[in-house]
Amino acid sequence: MKIQLLKLVYFSPTGTTEAIIQSVARGMNQRAVELIDITKPAARKQQLQTSENELLVIAVPVYMGRLPALLSEWLNSIKAHNTPTVCIVVYGNRAYDDALLELKDILIKRGCKPIAGAAYIGEHSFSSSELSCAEGRPDVSDISHAELFGQKIIEKLQSVLSADYLPDINIPGNYPYGGATDLWKIDFISISNSCTQCGICAAGCPVDAVDSGNSSLINIEKCILCCACIKHCPQNARTMKPGLMKDAAIRVNEKFKERKEPIFFL
Ligand SMILES: Cc1cc2nc3c(=O)[nH]c(=O)nc-3n(C[C@H](O)[C@H](O)[C@H](O)COP(=O)(O)O)c2cc1C
């Protein structure tokens with residue numbers, strides 16, 4: 001089948017999910033591409049509509065073994081019409097649990113036709129130079145894996161007249177889904193004197209939890225623990241305070257040192 005438009009949708013507070021979807025898209029080598037970055041709240045106000053002549057690729061990070069709960073409303077508002085769809089999750093070298101299955105299930109309900117799925121590894125959101133986990137990932141090897149995945153998807157689509165001829169994909173996972181959707185509501189960010197109030201942290205926050213006039217003010221009720229403000233700070237002024245989150249960062253650093261490899265389902 002011929003694809004008229006490739007639609008790339010991603011949520012990526014710390015940039016690893018974006019790096020993966022861009023690599024998959026490179027491998028697909030399509031001329032007409034629309035990027036839909038739903039990381040910021042304003043972008044999530046726009047509903048996604050898509051047709052059967054388009055190829056949809058959706059990539060999201062894994063939070064506590066699940067899809068980030070804040071995306072639920074947006075994902076459940078998608079209007080697709082038998083659109084061939086690629087489901088991708090990116091996780092921080094612990095596990096993706098049932099998140100890829102959850103993504104596939106939601107997209108089927110919205111009218112998508114999942115034709116491929118994959119789980120990639122990105123540097124853990126909680127990782128820092130002091131307590132690293134999957135540091136620097138996706139790396140060169142992950143990127144070429146993602147490019148090859150993109151190429152294989154296009155080959156698969158070109159081998160049939162329409163997505164209707166493609167069999168269902170098998171995604172591993174369990175019901176009920178494991179993991180958790182409730183995130184801690186905690187004050188875990190320490191801000192040093194080197195903060196210049198440049199506002200980069202507030203601009204990059206996916207839930208507008210950092211006050212744009214005073215970046216020391218964080219709305220804990222809104223915060224999703226994504227650590228984008230810590231990672232984006234050009235002064236390295238933001239770090240984790242001792243407590244639950246730092247303990248979680250210590251745990252992922254100690255327990256998930258062994259490198260996991262990406263996998264795709266076609
Ligand atoms: C609240 C939260 C929960 C997370 N839970 C998991 C998890 O269950 N398993 C895992 O391997 N990584 C987990 N991660 C790490 C992210 O999935 C991973 O770092 C991902 O690459 C981040 O994507 P981004 O760079 O696009 O923001 C979690 C991160 C956050 C912020």
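Colleague: How do helix 1 and helix 4 pack, in terms of angle and axis distance?

Modeller: In this predicted model, helix 1, which covers residues 16–28, packs against helix 4, residues 140–158, at an angle of about 45 degrees, and their axes are 6 Å apart. Helix 1 and helix 4 are therefore oblique to each other.

Colleague: And is that crossing of helix 1 and helix 4 left-handed or right-handed?

Modeller: The crossing of helix 1 and helix 4 is right-handed.

Colleague: Which residues meet there, between helix 1 and helix 4?

Modeller: From helix 1 the contact takes in Ala 19, Ile 20, Ser 23, Val 24, Arg 26, Gly 27 and Met 28, and from helix 4 it takes in Ile 143, Ala 146, Glu 147, Phe 149, Gly 150, Gln 151, Ile 153 and Ile 154. The residues of this contact divide into nine nonpolar, four polar and two charged.

Colleague: Changing topic, which residues come nearest to the ligand?

Modeller: There are 26 residues around the ligand, and of these Ser 12, Thr 14, Thr 16, Thr 17 and Val 62 come nearest.

Colleague: What about polar backbone atoms, say those of Gly 65 and Val 90?

Modeller: A polar backbone atom of Gly 65 is 2.9 Å from an oxygen atom of the ligand, while for Val 90 a polar backbone atom is 3.4 Å from a ligand oxygen atom. Gly 92 also takes part, with a backbone N or O atom that lies 2.9 Å from a nitrogen atom of the ligand.

Colleague: Last one, what is phi of Leu 225, and where does Leu 225 sit?

Modeller: Phi of Leu 225 is near 65 degrees, which is a positive value in a residue other than glycine, and Leu 225 has its place in the loop between helix 5 (200–204) and helix 6 (228–232). Most residues other than glycine have a negative phi.

Note on methods. Residues numbered from 1 in each chain as written. Predicted model: local features only at pLDDT ≥ 70, side-chain atom pairs only at ≥ 80, totals over all residues. Heavy atoms only, no water. Axes fitted to C-alpha atoms, helices over the stretch in contact; angles between N-to-C directions. Helix = DSSP H or I, 4+ residues; strand = E, 2+ residues; numbered from the N terminus. Parallel < 35°, antiparallel > 145°, perpendicular 65-115°, else oblique. Left-handed = near helix turned anticlockwise from the far one by under 90°. Contact = heavy atoms within 4.5 Å. Nonpolar A, V, L, I, M, F, W, Y, C, P; charged D, E, K, R; others polar. Near = heavy atom within 4 Å. Polar contact = N/O pair within 3.5 Å; in protein donor to acceptor, adjacent residues only side chain to side chain.
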